[in-house]
Amino acid sequence: MSAAAPGTSKAAHSEVGPKKKKGPGALATAYLVIYNVVMTAGWLVIAVGLVRAYLARGSYHGLYYSIEKPLKFFQTGAILEILHCAVGIVPSSVVLTGFQVMSRVFLTWAVTHSVREVQSEDSVLLFVTAWTVTEIIRYSFYTFSLLNHLPYLIKWARYTFFIVLYPMGVTGELLTIYAALPYVQKTGLYSVTLPNKYNFSFDYYTFLILVMISYIPLFPQLYFHMIRQRKKVLGHIEDYSKVE
């Protein structure tokens, strides 16, 4: 799934709740601040690259090629988040974080990189744009949270922009996988046929179809969970504002 959403696998480093969990130590906090600053800067580079390429070309078609390398680098760099959870410096589920991170890495490398014919599809720009805005907000949110100085605007953006960005990203991902299917079927990419010495077969085309189907039950659950998280985090502040 595309959006690293509030309250899902990539949960914020500090969550709202009656019990306050002990945060990471000073060294771990310093490392996490540096990591999140670097990742914020990386996704800002991608955003600037998209804008500059659009202004230079006067068209949004094929903008993927202008940010291909930094996209691969910084999206792959998110794998470290799984390690952060595994060693306990970030209080999130290793399994859920791994699922969300690897689903994006999978789309980056096993679909968009591997099936070059889809790289010029508008759907790629759709999910790349959604990812870019989401990650700039998310990593900024983490950075300021770790520094105990979180501006309300970033907090609001973190729990609001997903309303549009999450469906936008998912749509782009599904359309990109769908566009890749004919090429995967034609070339037999990553497929293993029988007979072979391992007596094992794998049809990557079918696997991609199953990946697409998996969005049907997962997307509504995650999306409405995020809506509930928004009400939990921002609801009381907005209610107070209405009273004022």
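**Figure 1. Transmembrane regions from the UniProt record.** An unreviewed UniProt entry lists residues 32–55, 76–99, 159–184 and 204–224 under "transmembrane region"; positions follow the numbering used here, the feature name is shortened, and such annotations may be inferred rather than shown by experiment. The model is predicted: local features need pLDDT of at least 70 and side-chain atom pairs count only at pLDDT 80 or more, while totals for chains, interfaces and linings use all residues. Residues are numbered from 1 along each chain as its sequence is written, and side-chain values use heavy atoms, with hydrogens and water left out. Residues 204–224 are 100% helix and 0% strand, with 31 Å between the end C-alpha atoms. For residues 76–99 the figures are 67% helix and 0% strand, and the end C-alpha atoms lie 13 Å apart.

Figure 2. The chain holds eight helices and zero strands, where helices (H or I, at least four residues) and strands (E, at least two) are DSSP runs numbered from the N terminus. Read from the N terminus, the order of elements is α-α-α-α-α-α-α-α. Of the 244 residues, 46% count as buried; buried means under 20% relative accessible area, exposed over 50% and partly exposed in between, with a 1.4 Å probe and protein chains only.

**Figure 3. Helix α1 against helix α5.** Helix α1 covers residues 26–57 and helix α5 residues 122–146; their axes come within 8 Å and cross at roughly 150 degrees. Axes are lines fitted to C-alpha atoms, for helices over the stretch in contact, and angles run from 0 to 180 degrees between N-to-C directions. The angle makes α1 roughly antiparallel to α5 (under 35 degrees is roughly parallel, over 145 roughly antiparallel, 65 to 115 roughly perpendicular, the rest oblique). The crossing of α1 past α5 is left-handed, that is, the near helix is turned anticlockwise from the far one by less than a right angle. Residues of the contact of α1 with α5 comprise 17 nonpolar, six polar and one charged. Here Ala, Val, Leu, Ile, Met, Phe, Trp, Tyr, Cys and Pro count as nonpolar, Asp, Glu, Lys and Arg as charged, and the others, Gly among them, as polar.

**Figure 4. Helix α1 against helix α3.** The axes of α1 and α3 come within 12 Å, and the crossing angle is roughly 160 degrees. Helix α1 is therefore roughly antiparallel to α3. The crossing of α1 past α3 is left-handed.

Figure 5. Lysine 72 and glutamate 68 are four residues apart in helix α2 (residues 64–77), so about one helical turn separates them. Lysine 72 counts as buried at 10% relative accessibility, and glutamate 68 is buried at 12% relative accessible area.

**Figure 6. The salt-bridge network around arginine 138.** Salt bridges link Glu81, Arg104, Glu135 and Arg138 in a network. Between glutamate 81 and arginine 138, the closest N and O atoms of the salt bridge are 3.1 Å apart. This pair links distant parts of the chain, with glutamate 81 in helix α3 (residues 80–87) and arginine 138 in helix α5, 57 residues apart. Both glutamate 81 and arginine 138 are buried. Arginine 138 also meets glutamate 135 in a salt bridge, at 2.7 Å from N to O. Glutamate 135 and arginine 138 lie three residues apart in helix α5, about one turn of the helix. Glutamate 135 is buried, as is arginine 138.

Figure 7. Proline 195 sits in the loop between α7 (162–187) and α8 (204–243). The peptide bond from leucine 194 to proline 195 is cis, with omega near 0 degrees. Tyrosine 190, in the loop between α7 and α8, has a phi near 60 degrees, a positive value in a residue other than glycine. Tyrosine 190 is partly exposed, at 45% relative accessibility. Asparagine 199 lies in the loop between α7 and α8 and has a positive phi of about 55 degrees although it is not a glycine. Asparagine 199 counts as exposed, with 65% relative accessibility.

Key. Salt bridge = Lys/Arg side-chain N within 4 Å of Asp/Glu carboxyl O.
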